[in-house]
Amino acid sequence: MECACGKKAVYKGQGGALCQTHFLDSVEKKVERTIHEYGLIKKGDTVCVAASGGKDSLVVLFLVNNYCSSHDIPLFALAVDEGIEGYREHTLTDLKTFCEKGKIALHVVSFKESYGKTLDEIHEKALKQFNKKPCTVCGVFRRTSLNRKAKELGATKLITGHNLDDESQSFLMNVLLGNMSHNASLGPVTGLSDNESFVPRVKPLYFVTEKETRLYCFLKGFKIDFAECPNVHLSFRSRVRDWLNQMESEFPGVKNSVVNAFLSILPDLKSKYKGKKEFKTCERCGDPCSGDVCNACKLEEQLS
Ligand code: SF4
Ligand SMILES: [Zn+2]
Ligand SMILES: [Zn+2]
């Protein structure tokens, strides 16, 4: 298998076979195109990259840091330590080393300091008493922690490492669960609200597949612990992910088709659901929310 340039190929995708140089170049160009086409980062922004030390977050941090350095845009990384023993401490160590090497400022917020307990400490109670899976609790607390800290540190954009696989899963999960209004919040620029309490979240890896981020890390020599969170098997997402992976191996290109189909209906979804939600202010923490108390404060109280 050879690249068009005649060198040995390291990757074969829908666009054909690519050698190492052309593969790395294709990922970098794809990310830069996404940033420009969707206006993800602009002059005057202060960029916060949500990073965990996992492969997607290191790739997005590396590429966005290069982009911001060459465009003179300030950037820092922000990690959340949920408190998942045997897993998160390893990825955070990898992240710290990566940031030190790249001279990237890194901030870390933990569930323990924000909500009084680690995810490991509340996991069982959440599941047994409230039938809430760890990923549900983790997702609410993580989103809230990232937004609060990014805002406090003056960020105008919050970059996440969501890739094409994540997006195809999220879209299908919302379809399967009948949550079409949630799909209106997906896309390269997340959310439906212009509420200034939310730092806009953007996804430069939107058109990059998981297979590509994995290979990019490997070829760049990024040190990564490929272990998965021990809670992942409990999530609905992991079922959808495994099914989509199976489909992709039988019918190459289906993930791409799902995301393209989604993007073709996104403008309609946005016009149907945008502005429909009224925001109040959480009476405990002051964050915007749909009821009197935000989800993070409700969960914190239940699980304390
Ligand atoms: S798999 Fe679930 S519990 Fe683990 S880090 Fe991800 S969202 Fe949190
Ligand atoms: Zn080549
Ligand atoms: Zn609140």
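Colleague: Is the crossing of H6 and H12 left-handed or right-handed?
Modeller: This is a predicted model. In it, the axes of helix H6 (residues 134-152) and helix H12 (residues 295-303) come within 9 Å. The handedness of the H6 and H12 crossing is left-handed.

Colleague: Which residues of H6 and H12 make the contact?
Modeller: By class, this contact has five nonpolar, two polar and no charged residues. H12 gives Asn 295, Ala 296 and Leu 299. H6 gives Val 137, Val 140, Phe 141 and Thr 144.

Colleague: Are H6 and H12 oblique or perpendicular to each other?
Modeller: Their axes cross at roughly 125 degrees. Angles from 65 to 115 degrees would count as roughly perpendicular, and over 145 as roughly antiparallel. The H6 and H12 pair is therefore oblique.

Colleague: How is H2 placed against H9?
Modeller: The axes of H2 and helix H9 (residues 210-220) come within 9 Å. They cross at roughly 70 degrees, and H2 passes H9 in a left-handed crossing. That angle makes H2, relative to H9, roughly perpendicular.

Colleague: How many charged residues does the contact of H2 with H9 have?
Modeller: H2 brings Lys 55, Asp 56, Leu 58 and Val 59. H9 brings Thr 213, Arg 214, Tyr 216 and Cys 217. By class, there are four nonpolar residues and one polar, and the charged ones number three.

Colleague: In which sense does H7 cross H10, left-handed or right-handed?
Modeller: Helix H7 (residues 164-176) and helix H10 (residues 236-250) have axes that come within 9 Å. The axes cross at roughly 115 degrees, so the two helices are roughly perpendicular. H7 passes H10 in a crossing that is right-handed.

Colleague: Which residues of H10 contact H7?
Modeller: The contact divides into five nonpolar, two polar and two charged residues. On H7 the residues are Ser 168, Gln 169, Leu 172 and Met 173. On H10 they are Phe 236, Arg 237, Val 240, Arg 241 and Leu 244.

Colleague: Which strands stand at the edges of the sheet?
Modeller: Five strands form an open sheet in the order E5-E4-E3-E6-E7, with parallel pairing. Each edge strand has a single partner strand, so one side of each is left without a neighbour in the sheet. The edges are E5 (106-110) and E7 (201-202).

Colleague: What is the bridge partner of Val 49 in E6?
Modeller: Strand E3 (residues 47-50) pairs with strand E6 (residues 157-159) in the parallel sense. The pairing runs over three bridges. In E6, the partner of Val 49 is Ile 159.

Colleague: What angle does the direction of H2 make with that of E3?
Modeller: Helix H2 (residues 55-70) packs on the sheet. H2 touches E3, strand E4 (75-81) and E6. The angle between H2 and E3 is about 170 degrees.

Colleague: Which strands does helix H3 touch?
Modeller: Helix H3 (residues 88-102) packs on the sheet as well. Its direction makes about 165 degrees with that of E4.

Colleague: How many residues of the shell around ligand 1 are charged?
Modeller: Ligand 1 is surrounded by Glu 82, Pro 134, Cys 135, Cys 138, Gly 139, Cys 229, Asn 231, Val 232 and Ser 235. Five of the shell residues are nonpolar and three are polar. The charged count is one.

Notes
Residues numbered from 1 in each chain as written. Chains lettered and ligands numbered in written order. Predicted model: local features only at pLDDT ≥ 70, side-chain atom pairs only at ≥ 80, totals over all residues. Axes fitted to C-alpha atoms, helices over the stretch in contact; angles between N-to-C directions. Helix = DSSP H or I, 4+ residues; strand = E, 2+ residues; numbered from the N terminus. Parallel < 35°, antiparallel > 145°, perpendicular 65-115°, else oblique. Left-handed = near helix turned anticlockwise from the far one by under 90°. Contact = placed C-beta atoms within 7 Å. Nonpolar A, V, L, I, M, F, W, Y, C, P; charged D, E, K, R; others polar. Near = placed C-beta within 6 Å. Pairing = 2+ DSSP bridges.
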